[in-house]
Structures are given as structure tokens and as C-alpha cells.
Amino acid sequence: MDKSLLAWYGGTFDPIHFGHIKPVEALAQRVGLKKVVIMPNNVPPHRPQPKANSAQRKAMIEAAIQGNPLFELDDRELQREMPSWTADTMETLRAEQGATQPLGFIIGQDSLLTFQTWHRYADILACCHLLVCRRPGYALTMPDARQQRWLEQHLATDIAELHSQPAGKIFLAETPLLNISATVIRQRLEQGQPCDDLVPAPVMAYITHHGLYRQ
Ligand code: ATP
């Protein structure tokens, strides 16, 4: 059985954009990840509701990753009606994949800085490694000394640890900085401004065809 590191990538993806895709491609190359499973969430507990519905966000992800063998889509959270906590999902994935399979959960630096506010964050790290992509405008150190100590206790010193241990490490990847957010894309589209350099062409075509994110 192949026990090389598998990674999941959660988010709202409203819409998916190059800031999601390009840093993760670089991360995958750096870490030796063969598969990244994009897992859009349905009712993110800590955020306002997405503008595009579940089916539309799923279709845009499919359009973005078509022909790209690195990515797969896992729409289990979209199927649920209840909020899906990352901790619950990671525990389910751990049960599915077995105790020894190395698992990763990919987040941007902004998410790392608030990670300790996440529901059962320690249980998440007990289930998987955190693979962190850089994001422009976000500090590379944690907001306070206690959180920084926590980070340093868990930092992966060697990529091999991510493949030899099932969970518990945090890897800060030196990924390219892309100053893109879904919020800015939605604002630009509302104002009728182009976003061709921010989202893949098939995603832009879907947005235009379905008239998404207009006022
Ligand atoms: P919004 O602007 O609606 O808050 P977003 O662009 O931050 O959305 P999400 O779907 O909320 O996108 O993010 C999913 C994950 O992708 C998060 O872990 C986030 O940190 C990461 N991410 C999003 N954009 C970038 C980026 N430009 N660079 C690095 N990571 C990113």
C-alpha cells in the first residue's frame, strides 16, 4: 500500500483562484506530494455564507483542476447540511486512511495565524500535519509568544518527517506570494472589472456564463 503523504485542502473557494492553486503546486513539488484533495466547505462555521452556491463552487473547482493530475475534488462537506468542523472531517479521514498513513492539511499563512482559535485545533494537529503556504501581508511569526512556542514545538525540521510520521508536524513552505483573495475577486466582479489574471480561464468562463458575483 502507498503510504506517501496525502493532503487535503479546505476552504470556501468562492471562487477558486490562482492564489489557491499556484502556491499549492509549489508546495507539492517541494514536499513531494502526489495528490492534493480540494475539499470545499458548505456552511463554514466562522464565516458569512458564500455568494455562490455549493453546486456553483464545486463546478468552478472542477473547471479549475480539469486536466491537472495533482488535484482531486472531495465534495463530502458540500453534501452535509450541518456546519462541518475541520476537526470532525480530519478524524473521519484518519479513520478512513488508517492510523499510519501520513496526512496533511494545507492552509495559508493567514489561517495558521488564527489556527489556535479553531474548534479543537489540537485534535486537528493530532490527525494530520499542517502544510502552510505563504500569503502576502501576513506575518511569519505567531501573534504572541505562547503561540510562537507552540509553533516551534511542532515545526518540521526535515521534509522526511512529513512522510515518516502520520501527523503532528507543521511545515512552513517557501511558496510564491500571490496577492489574491476571493473577496477582492468578488468586489472586482461586482464593479464589472476584469479578473482574468486572478482566476483560471475556465473558471472565468463559468462565472461569466452564469452571471455570478454581479450586484
Ligand atoms: P475570502 O477572500 O472569501 O476570505 P480566500 O481567498 O481567503 O477567501 P478561502 O477559500 O477562504 O480563500 O481559503 C482557503 C485556503 O486557501 C485558506 O487556508 C487560505 O489561507 C488559503 N489561501 C487563499 N488565498 C491564498 C493566497 N493568495 N495565498 C496563499 N494561501 C491562500
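Is Tyr213 buried or exposed, and what is its relative accessible area?

Guide: Keep in mind that this is a predicted model. Tyr213 has a relative accessible area of 9%. The cut-off for buried is under 20%, so Tyr213 counts as buried. Tyr213 sits in the segment after helix 10. Its backbone deserves a look too. Phi of Tyr213 is positive, about 60°, although the residue is not a glycine.

Phe13 also has a positive phi without being a glycine, with a value near 55°. Find Phe13 in the loop between strand 1 and helix 1. Phe13 has a relative accessible area of 2%, so it is buried.

Asp14 and Pro15 are joined by a cis peptide bond, with omega at about 5°. Pro15 belongs to the loop between strand 1 and helix 1. Are the two partners buried or exposed? Asp14 is at 3% relative accessibility, so it counts as buried. Arg186 has a relative accessible area of 17%, so it is buried as well.

Now the other charged pairs. The count comes to nine salt bridges. One of them joins Glu96 and Arg76, whose closest N and O atoms are 2.8 Å apart. Glu96 lies in helix 4 (residues 86-97) and Arg76 in helix 3 (residues 76-79), 20 residues apart, so distant parts of the chain are linked here too. Glu96 has a relative accessible area of 47%, which makes it partly exposed.

Helix 4 takes part in another pair. Arg120 and Asp88 form a salt bridge, 2.6 Å from N to O. Asp88 is in helix 4, and Arg120 is in the loop between helix 5 (109-113) and helix 6 (121-127), 32 residues apart. Arg120 is partly exposed, at 29% relative accessibility. Asp88 is partly exposed, at 31%. The pair belongs to a network: salt bridges with shared partners join Asp88, Glu91, Arg120 and Asp123.

Next, helix 2. It covers residues 54-65, 12 residues in total, and reaches 17 Å from its first C-alpha to its last. That is close to the 16 Å expected at 1.5 Å a residue. Its buried residues are Gln56, Arg57, Ala59, Met60, Ile61, Ala63, Ala64 and Ile65. They pack against helix 1, strand 2 (36-40), strand 3 (71-73), helix 3 and helix 10 (201-210).

Strand 6 gives the most, with three residues. By class, the lining has nine nonpolar, one polar and three charged residues.

Notes: Residues are numbered from 1 along each chain as its sequence is written. This is a predicted model: local features need pLDDT of at least 70, side-chain atom pairs count only at pLDDT 80 or more; totals for chains, interfaces and linings use all residues. Side-chain values use heavy atoms; hydrogens and water are left out. Helices (H or I, at least four residues) and strands (E, at least two) are DSSP runs, numbered from the N terminus. Ala, Val, Leu, Ile, Met, Phe, Trp, Tyr, Cys and Pro count as nonpolar, Asp, Glu, Lys and Arg as charged, and the others, Gly among them, as polar. A salt bridge is a side-chain nitrogen of Lys or Arg within 4 Å of a carboxyl oxygen of Asp or Glu. Buried means under 20% relative accessible area, exposed over 50%, partly exposed in between (1.4 Å probe, protein chains only). The expected span of a helix is 1.5 Å times one less than its number of residues. Contact means heavy atoms within 4.5 Å.
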